[in-house]
Amino acid sequence: MNNMQAGSTLHDDRTGVSALGGLSAQARGTSGRLLPEIWMQDGAKRVEQALARLLCAEDDGETELMAAMRYATLHGGKRTRALLCLAAGALADTPAHMLDDVGAAIEMMHACTLVHDDLPAMDDDVLRRGLPTVHVKFGEATAILVGDALQAHAFLTLASLDAPGDNRIALVRELAQAVSAEGAAGGQAMDLSLVGKHVELDRIVAMHRMKSGALVRASVRMGALCAIVEDAAHAALYCALDRYSACFGLALQVVDDILDVTADTATLGKTPGKDAAAQKPTCASIMGLQAARQFALDLLRDAGEAIVPLGPRAERLAQMLQRANAYLFKHAPCA
C-alpha cells in the first residue's frame, strides 16, 4: 500500500470509523463534516485498549515492573501524539488496527520520556497526570527500568506489526530518531545544560524542537508511513506534514511553558511553577506571557496553512489544531 487511495472506504463496523476517516452518518454533523469529539474519543479509547493488550504480561510475583509500566501508560493523558498518528493515518488507506498499535507504541515511548524526565536526577517532579510519579510510587530503580522497558516494548510493537517489512523498518527508524541524541534525549540534555543561564530565544526553540517536538513530528510521519512510502512521488505530502508537525510540536511546548506559570495543579496534572523554581529559561520567561501566547497562536496558524494543499483528507489534522487552540483559549486566556 504505497499509494494513497483517496476513494477507498474501508470501514470498521465496530466503531463507525473507516481507515480513511470516513465516519458513519451518526458520527457526522448536519454539514457532513467530521465531528472531532467522536473520532478523538473513539481513537483515544482504541489506543488505550491497545496499550492494555500489549502491556499484559504478568509479573513473576517478585517484581512490580509490569504493574509500574501499566501505571505509567494507562492512567490518564490526552493521547495527543497517538491522535496525531491516527489523524495522519486518515490520509491513506491505513487499517485502523495498525494505527491503534502504532499509536500505542508512540504512547509507550512518550511515557518512557515522562518517567525518565520526572526522575530526581532530571526534572525531579512528584506529580504526573494528577498522580504520584512512577519513582515516587514504585521507587527510583523501578522507574528507570520502566522507562527502559517501555522503550523496548514500543519497538517490539512496531516490529510485530502486520505490515510489509519496509514499512516496519521505516516506522522503527522514525521512532528511534525521535528519541535519539538528535531528538528527545539530546533535547533533555540541552534542557539540563541551560538551567540558571541567560540564553537567546533561538536556543530555547532548538531545545523544544528536540525534547518534545521530535516525537510530535514522528507521530505525524508514522501515521503516514504505515501506508505511504516516503519517496519522490510523495515528497510534497511529507514536506507538508513536516512543516505542520514542526509548528504544532513547538506550539504545544510553548503552551506548556505558559501553563507552568498560569495554571494550577488540577489543570496541569503536575506541579506548577517548576520551571521558575528550577531557574529554567523558557519561551514564557524570555518573551513574556502575552508574546508567548501570540507565538503559540501564530505557530498553530502556520501549521494550518501547511496542510491546506492536502485538502479535505487532512481534516483530522486541522481538527487537532482546533483542539489545541481551544485548550489555549480556555486555560491561558488573554490578560
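**Close-up views of a predicted model**

**View 1. A lysine sits over a ring.** Lys137 lies over the face of Phe138, 5.8 Å from the ring centre. A charge counts as over a ring if NZ of Lys or CZ of Arg is within 6 Å of the ring centre and within 35 degrees of the ring normal. This is a predicted model: local features need pLDDT of at least 70, side-chain atom pairs count only at pLDDT 80 or more, and totals for chains, interfaces and linings use all residues. Residues are numbered from 1 along each chain as its sequence is written, and side-chain values use heavy atoms, with hydrogens and water left out.

**View 2. An arginine sits over a ring.** Arg293 lies over the face of Phe329. The distance to the ring centre is 4.7 Å.

**View 3. Two rings meet edge-to-face.** The structure holds 2 aromatic pairs. Rings of Phe, Tyr and Trp (its six-membered ring) pair if their centres lie within 6.5 Å; planes under 30 degrees apart count as stacked, over 60 as edge-to-face and the rest as tilted. Tyr71 and Phe138 have ring centres 5.4 Å apart and planes at 70°, so this pair is edge-to-face. Tyr71 belongs to helix H2 (residues 65-74) and Phe138 to helix H5 (residues 134-138), so the pair ties together parts 67 residues apart in sequence. Helices (H or I, at least four residues) and strands (E, at least two) are DSSP runs, numbered from the N terminus. Tyr71 is buried, at 12% relative accessible area. Phe138 is buried too, at 15%. Buried means under 20% relative accessible area, exposed over 50%, partly exposed in between (1.4 Å probe, protein chains only).

**View 4. The lining of the largest cavity.** Thirteen residues line this cavity; Tyr71, Ala72, Arg128, Arg129 and Val134 lie nearest its centre. Elements giving two or more residues to the lining are H2, helix H4 (96-117) and strand S4 (131-132). H4 gives the most, with 3 residues. A cavity is a set of points, on a 1 Å grid over the protein atoms alone, where a 1.4 Å probe fits but cannot get out; lining residues have an atom within 4 Å of a point.

**View 5. The buried residues of helix H8.** In H8 (residues 184-193), Ala184, Gly186, Gly187, Gln188 and Asp191 are buried. The buried residues of H8 pack against H4, helix H7 (165-178) and helix H9 (201-211).

Note on methods: 1 Å grid on protein atoms, 1.4 Å probe; cavity = no way out; pocket = protein on both sides within 12 Å on 5 of 7 lines; lining within 4 Å. Contact = heavy atoms within 4.5 Å.
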